Amino acid sequence: MKSCYIFLLSLFLAQNANAFCTGQTPRIVLDTETGRVQYVTHLSKDEFARQSPVPVSPNTLGLTIAKLNVTGTGVPDIQQKGVRACIGIREMRLKIGYDTLKVFIDKKYRPGSCEYDVVKEHENYHVRVSQEAMTFFRPDIEKALNRAVRKITPEIVTSQAEAQAVFQRQFRQVMKDIQPVLDHINAKIAEKNYEIDTPESYRRATALCHNW
């Protein structure tokens, strides 16, 4: 799972005339991406197996690579009073999902053949598991993100460098707090995928055709 965090900070804001360093309810923006499916049919099993991030089963006839990406950005809440500034979180944006889901089918199976169709149906199951997880777990991600940002306590700083360090620490804390739900999603995806990756499942699939 690839993660990328971006920090946005500027202290050049007008002084807030209201209560100092009280914080506010952060705005949460969550985007989930199901990604597009790309079918790769010109490689042999040995060739596409080398692209797998984990060792493939000897029973493998096709392969789906779904790389879950998490990108976070944050905007600080800044209140200034004289030489002091209060730093909190105004907005958190989280983007989670897939850019491309690659489905590999051994080139020895001709499109339209029984073997090709069986492999494609099997791999499409893996695609659905990954894509449907983005919809199914979206409420859990939102709840975790809301809980995490509300735990952040604004802090008073006296310099730009200190403000940057404080906001980055707050941002990293939010990302750390939501990691358990992301780990849970990955575990459930792996669990669902395994349901049709057992030796018994492969035997049932290969029994449907004769030219493996």
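1. Gln 80 has Ala 85 in E6 as its bridge partner. In total, 13 bridges join E5 to E6, and the two run antiparallel. Two strands count as paired if DSSP finds at least two bridges between them. Helices (H or I, at least four residues) and strands (E, at least two) are DSSP runs, numbered from the N terminus. The hairpin has 2 residues between its strands, and Gly 82 takes a positive phi near 65° there.

2. A quick word on what you're looking at. This is a predicted model, where local features need pLDDT of at least 70 and side-chain atom pairs count only at pLDDT 80 or more, while totals for chains, interfaces and linings use all residues. Residues are numbered from 1 along each chain as its sequence is written, and side-chain values use heavy atoms, with hydrogens and water left out.

3. Now follow E6 to Gly 97, which sits in that strand. Is Gly 97 buried or exposed? Gly 97 counts as buried because its relative accessibility is 3%; buried means under 20% relative accessible area, exposed over 50%, and partly exposed in between (1.4 Å probe, protein chains only). Not counting residues up to four places away in sequence, Gly 97 touches Glu 33, Lys 67, Leu 68, Asn 69 and Met 134, where contact means heavy atoms within 4.5 Å. Gly 97 and Ser 130 are 33 residues apart in sequence, with their C-alpha atoms 8.7 Å apart in space.

4. Next, the open sheet. Its 3 strands come in the order E3-E7-E4, with mixed pairing. E3 (36-40) and E4 are the edge strands, each pairing on one side only. From one strand to the next, the twist averages 15°. E4 is joined to E7 (residues 100-105) by 5 bridges, and these two run antiparallel. Look for Gly 62 standing opposite Ile 105 in E7.

5. Stay with E4 (residues 62-66) and pick out Thr 64. At 18% relative accessibility, Thr 64 counts as buried too. Which side chain does the side chain of Thr 64 make a polar contact with? The partner is the side chain of Glu 123, at 2.7 Å. (A polar contact is a pair of N or O atoms within 3.5 Å; within protein, one must be able to donate a hydrogen and the other to accept it, and residues adjacent in sequence count only if both atoms are side-chain atoms.) Leaving aside neighbours within four places in sequence, the contacts of Thr 64 also include Lys 102, Val 103, His 126 and Val 127.

6. Then the helices. H2 (residues 114-136) lies across E3, E4 and E7, running at about 160° to E7. Axes are lines fitted to C-alpha atoms, for helices over the stretch in contact, and angles run from 0 to 180 degrees between N-to-C directions. The axes of H2 and H3 come within 5 Å and cross at roughly 50°. That makes H2 oblique to H3: under 35 degrees counts as roughly parallel, over 145 as roughly antiparallel, 65 to 115 as roughly perpendicular and the rest as oblique.

7. Last, the cores. A nonpolar core is a set of buried Ala, Val, Leu, Ile, Met, Phe, Trp, Tyr and Cys residues joined through side-chain atoms within 4.5 Å. The largest has 43 residues, and Met 92, Leu 94, Ile 96, Val 174 and Ile 178 touch the most other members. H4 gives the largest share of this core, 11 residues. A second, separate core of 6 residues includes Val 40, Phe 48, Leu 63 and Ile 65.
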